Amino acid sequence: SFLFSPLQTGRIDKSYPTVCGHTGPVLDIDWCPHNDQVIASGSEDCTVMVWQIPENGLTLSLTEPVVVLEGHSKRVGIVAWHPTARNVLLSAGCDNAIIIWNVGTGEALINLDDMHVDMIYNVSWNRNGSLICTASKDKKVRVIDPRKQEIIAEKDKAHEGARPMRAIFLADGNIFTTGFSRMSERQLALWNPKNMEEPIALHEMDTSNGVLLPFYDPDTNIIYLCGKGDSSIRYFEITDESPYVHYLNTFSSKEPQRGMGFMPKRGLDVNKCEIARFFKLHERKCEPIIMTVPRKSDLFQDDLYPDTAGPEAALEAEEWFEGKNADPLLISLKHGYIPGKNRDLKVVKKNILDNKPAANKKSDLINAPKKAADASNSQNEAKLDEILKELKSIKDTITNQDERISKLEQQMAKIAD
């Protein structure tokens with residue numbers, strides 16, 4: 001299972017509701033960039049599940065995903081939403097396959113199962129979601145056009161060491177990688193995918209053996225490197241001038257990090273000049289780490305907050321699969337971010353029978369009224385499902401309130417005694 005909680009401080013009750021539909025450990029989760037209530041999870045049970053979190057949070061554990069995506073034959077370690085197209089989700093598993101799903105229909109539309117011969121360490125979409133780059137255990141970094149299903153660039157031994165690598169796309173189309181040298185020194189490198197022979201820049205860091213996880217802010221062009229097991233976060237600015245990767249500073253603390261999460265830009269406090277917020281996972285707690293740029297003025301700082309990717313999708317899934325590309329739709333943070341109403345995720349499973357080739361036109365004419373009836377039936381069923389779900393959630397709320405009332409009555413009785 002995994003746990004979803006509003007931003008709060010303090011200890012969470014042991015009986016706090018969880019999201020628990022998988023039958024194996026959850027290996028990766030990713031919030032949908034176009035709907036703040038939708039989250040995808042990949043698991044050792046070989047499935048990907050997409051969940052709709054209720055607007056006011058969970059009162060009961062959530063066991064029913066909106067859709068279960070089945071197609072991997074081994075555990076699914078990576079899930080990543082498309083940055084600009086609605087309902088497009090990528091998953092990568094230990095079967096060395098990458099599948100791209102249309103979540104709105106629950107279908108796998110692209111299956112890249114012959115491009116990787118070894119375990120995939122990570123996958124990153126580029127800015128407009130037309131390409132992906134991957135880092136793999138065979139020490140190769142690949143740039144893939146998923147719709148043409150072809151590798152358009154690759155670099156063998158991007159880092160020569162045997163330990164895991166990471167590769168991410170930057171806003172300008174270059175690729176940033178972290179890995180290890182042959183002498184087990186941690187390295188970071190910058191590559192131009194049009195010429196992967198030599199890196200634009202290559203820096204050696206230290207000899208620690210924790211994998212460096214890169215977190216990238218495309219608005220400020222800053223990369224934050226969090227080493228697994230380190231107690232520090234180093235950050236660098238990427239520019240067009242030599243040495244291209246400029247060291248800025250290091251944040252240090254006492255406790256090592258088990259994992260890291262990164263707050264999207266629209267969740268930051270612009271009044272406090274907050275440019276990044278991490279959620280650092282310790283053994284027993286999750287701690288926010290806030291990066292601010294001190295400014296004397298209380299006015300909005302345009303240079304710290306250029307327009308950033310908003311929650312509106314630039315394309316529908318079908319448009320992207322047909323070959324269209326679009327950059328993220330940008331929003332200003334001048335007056336802070338005010339969340340809009342999220343649309344519920346609707347999954348319309350296609351009828352496989354509709355895909356059968358037509359035998360002749362006469363039978364089509366006979367079938368036309370039947371198809372119309374089928375369509376209205378399925379609409380009625382969907383409506384009925386919706387009503388039943390709403391009824392169930394109202395009943396659950398009532399049950400919870402009843403329990404709460406009886407508890408409060410008991411407390412009152414005790415006080416009165």
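Is Cys286 buried, exposed or partly exposed? Cys286 is partly exposed, with a relative accessible area of 48%. Here buried means under 20% relative accessible area, exposed means over 50%, and partly exposed is in between (1.4 Å probe, protein chains only).

These close-ups show a predicted model, in which local features need pLDDT of at least 70, side-chain atom pairs count only at pLDDT 80 or more, and totals for chains, interfaces and linings use all residues. Residues are numbered from 1 along each chain as its sequence is written, and side-chain values use heavy atoms, with hydrogens and water left out.

View 1. A disulfide is a pair of cysteine sulfur atoms within 2.5 Å. The count by this rule is zero. Cys20 is in no disulfide; its nearest cysteine sulfur belongs to Cys46, 19 Å away. Cys20 counts as partly exposed, at 31% relative accessibility.

View 2. In the model, residues 19–61 are 0% helix and 42% strand. The end C-alpha atoms of that span lie 6 Å apart. Residues 113–154 are 0% helix and 50% strand, with end C-alpha atoms 17 Å apart. Helices (H or I, at least four residues) and strands (E, at least two) are DSSP runs, numbered from the N terminus.

**View 3. A three-stranded open sheet.** The strand order is β21-β22-β23, with antiparallel pairing. At the edges are β21 (259–262) and β23 (286–292), each pairing on one side only. From one strand to the next, the twist averages 25°. Angles run from 0 to 180 degrees between N-to-C directions, and axes are lines fitted to C-alpha atoms, for helices over the stretch in contact. Strand β22 (residues 274–281) is joined to antiparallel β23 by seven bridges. Two strands pair if DSSP finds at least two bridges between them. Glu274 stands opposite Thr292 in β23.

**View 4. Gln301 in its loop.** Gln301 sits in the loop between β23 and β24 (308–309). Gln301 is buried, at 11% relative accessible area. Leaving aside residues up to four places away in sequence, Gln301 touches Cys273 and Arg295. Contact means heavy atoms within 4.5 Å. The C-alpha atoms of Gln301 and Asp344 are separated by 34 Å, and the two residues are 43 apart along the chain.
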